[in-house]
Amino acid sequence: MLATAAKPLKKRSTGPLRTCLACHAKKAKNDLCRFAVTREGVLVLDKAYRLDGRGAYACLDSACIQRLLRNTKKLHKAFRRQNLKVSEDLHAIFRSGE
Ligand SMILES: [Zn+2]
């Protein structure tokens with residue numbers, strides 16, 4: 001079978017693209033971090049991509065994360081709820097980026 005043109009081999013890392021909630025860049029899941037909200041309404045970093053429910057994504061970049069934490073309206077919209085509490089983890093990231 002003849003190969004058509006010079007198609008690069010499919011990269012293993014390309015999965016469905018997600019959009020950063022802060023800068024709207026479309027990236028593979030691996031290049032983004034996932035946020036989730038616990039049952040108690042606390043926004044946490046979902047490092048293992050394992051938490052249930054809605055997720056929001058942001059670049060693995062403290063600038064984007066800081067932007068999101070400052071603009072909680074976007075988070076409220078993404079998670080369709082008000083009164084999100086930001087976890088200590090996230091505050092730590094937020095602070096370290098300054
Ligand atoms: Zn971003």
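Colleague: What makes the largest nonpolar core a core, and which of its residues touch the most other members?

Modeller: In this predicted model, a nonpolar core is a set of buried residues such as Ala, Leu, Tyr and Cys joined through C-beta atoms within 7 Å. The largest such set has 16 residues, of which Cys20, Leu21, Ala22, Tyr57, Ala58, Cys64 and Leu68 touch the most other members. E3, E5 and H1 each supply at least two residues of this core.

Colleague: Which residues are in contact with Ala58, leaving aside its neighbours within four places in sequence?

Modeller: Contact requires C-beta atoms within 7 Å, and with those neighbours left aside Ala58 is in contact with Cys20, Leu21, Ala22, Leu32, Cys33, Phe35, Cys64, Ile65 and Leu68.

Colleague: How do you know that the buried residues of H1 are on the same side of the helix?

Modeller: The buried residues of H1, which spans residues 62-70, are Cys64, Ile65, Leu68 and Leu69. They cover an arc of only 135° around the axis, and therefore they lie on the same side of H1. In general, an α-helix has 3.6 residues a turn, so residues three or four places apart point the same way. Ala63 and Arg70, on the other side of H1, are exposed.

Colleague: Why are E3 and E5 said to pair?

Modeller: Two strands count as paired if DSSP finds at least two bridges between them; E3 (residues 32-37) and E5 (residues 55-59) are joined by five bridges and run antiparallel, so they meet that condition. Within this pair, Tyr57 in E5 is the bridge partner of Arg34.

Colleague: What joins E3 to E4, and what lies between them?

Modeller: Three bridges join E3 to E4 (residues 42-45), and the two strands run antiparallel, with Phe35 standing opposite Leu45 in E4. E3 and E4 form a hairpin with four residues between them, and Gly41 in the turn has a positive phi of about 85°.

Technical notes:
Residues numbered from 1 in each chain as written. Predicted model: local features only at pLDDT ≥ 70, side-chain atom pairs only at ≥ 80, totals over all residues. Buried ≥ 20, exposed ≤ 12 C-beta atoms within 10 Å, placed from the backbone. Arc of directions from axis to C-beta. Contact = placed C-beta atoms within 7 Å.
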